[in-house]
Amino acid sequence: MAKALEGVKILDFTHVQSGPTCTQLLAWFGADVIKVEKSGEGDATRGQLRDIPDADSLYFTMLNHNKRSITVNTKTQKGKEILERLIKECDVLVENFAPGALDRMGFTWERIQELNPMMIMASVKGFGPGPYEDCKVYENVAQCAGGSASTTGFDDGPPMVTGAQIGDSGTGLHLALGIVTALYQRTHSGRGQKVLAAMQDAVLNLCRVKLRDQQRLERNGLMQEYPQFPNGEFGDSVPRAGNASGGGQPGWIVKCKGWEKDPNAYMYVIVQAPVWEAICKVIGREDWITDVRFASPMARLPHLMEIFAEIERWTMTMTKFEVMDILNKYDIPCGPILSMKEIAEEPALRATGTVVEVDHPIRGKYLTVGNPIKMSDSPTEVTRSPLLGEHTDEILSELGYTTDDLIALRHDKVI
């Protein structure tokens, strides 16, 4: 079965996380992704946080599936000639170098257009155009600059970053969408274009509801669904809301049986209006059904912490999975706090290909996250990440280099 992006060639200059996340996704959709790496070294993450000596790290292997690797010394003239031939052959060039790095290599946007007017050049940068555009940005910096950290955590604590890599992987996903959109536009325009995804912009996009709340706060001076209401104080910017769910569906994390020893024996419970009576019955507080203090969603807002405290008294008598079974019978929205160990062992995630076991010639079998996007006519088969330079000869042969050429390039330390 043909894949969605079969026939699309990606020249992958990315490294670490944001760019590789993007190109891995495109590879899963069938694009031929050629990862260009420095001779003898490769992507820095091959050796970062290694758990097995001499084996590519899980950091690298889990972000570079389904790609081919070519090593090229881009500081040599012959190396630049190889890149020029690759640019002429490929549809998309993806990079997440520090600002200006590609220009200094001699590959400005103008030069790339000369070589291939159809080329789509996609970049991840820390900031968009402006005073900070030349600043380096990493995951947590992006979370701070994009508004996530200031709105994460509890009101009486410092700003917090999240475990989800919304700066790096989140930006990579944004960039992949931009690339696919540019490929579609090219079918009409016949031209390539530049695609930029700035990490600050991507994080802010994922924090969209917090900018919504900022404007609500400026207009009304308070937000009734936040835990600061009714007894706390609101300042002039959106406060950290702990585990409150924000919107019109108040939620909180409550303890379950075993919480004293298990750091993940917790449950997220949402007090949704349509199932209020069911919640009251399940936790044994039928008297609340007719209590005027809880008569409507608005009436309940000042009493949310009292409500969740009562729910917690009930959930602490059962495991999180027992709680989930009961609440789901009444369509009460809830979710167990799953540890990475529990997720790795979850059979349903294995069955759908969301968690995949991959075999690697050096490290052996390991688990990874598969393609989270399932397409009925473009199924994903996750294959291992490439060894450093594993496909150098294969790719150069496709460009027309002969065996003697390869011997000479290797002798001259070009590849």
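Which side chain meets that of Arg-216 in a salt bridge of 2.9 Å, N to O? One partner is Asp-213, where a salt bridge is a side-chain nitrogen of Lys or Arg within 4 Å of a carboxyl oxygen of Asp or Glu. Before going on, please note that this is a predicted model, in which local features need pLDDT of at least 70, side-chain atom pairs count only at pLDDT 80 or more, and totals for chains, interfaces and linings use all residues. Residues are numbered from 1 along each chain as its sequence is written, and side-chain values use heavy atoms, with hydrogens and water left out.

**Salt bridges**

Arg-216 and Asp-213 are 3 residues apart in helix H9 (residues 208-220), so about one helical turn separates them. Helices (H or I, at least four residues) and strands (E, at least two) are DSSP runs, numbered from the N terminus. Glu-225 also meets Arg-216 in a salt bridge. Elsewhere, Asp-32 in strand S2 (residues 32-37) pairs with Arg-68. Arg-68 sits in strand S3 (residues 67-71), 36 residues away from Asp-32. Salt bridges that share partners join Asp-32, Arg-68, Glu-394 and Glu-398 into one network. The whole structure holds 27 salt bridges.

| Salt bridge | N to O distance |
|---|---|
| Asp-32 and Arg-68 | 2.7 Å |
| Arg-216 and Asp-213 | 2.9 Å |
| Glu-225 and Arg-216 | 2.9 Å |

Buried means under 20% relative accessible area, exposed over 50%, and partly exposed in between (1.4 Å probe, protein chains only). Asp-213 is buried at 1%, and Glu-225 is buried at 10%, while Arg-216 is partly exposed at 30%. In the other pair, Arg-68 is buried at 11% and Asp-32 is partly exposed at 22%.

**Helix H8**

Met-199, Ala-202 and Val-203 are the buried residues of helix H8 (residues 199-206). Seen down the axis of H8, they fall within an arc of 95° and so line one face of the helix; the arc is that of the directions from the helix axis to the C-beta atoms.

**The open sheet**

Three strands form an open sheet in the order S7-S8-S9, with antiparallel pairing; two strands pair if DSSP finds at least two bridges between them. Strand S7 (251-255) and strand S9 (334-336) stand at the edges, each with a single partner strand, so one side of each lacks a neighbour in the sheet. S7 and strand S8 (residues 266-270) are joined antiparallel over 5 bridges, and Ile-253 stands opposite Tyr-268 in S8.
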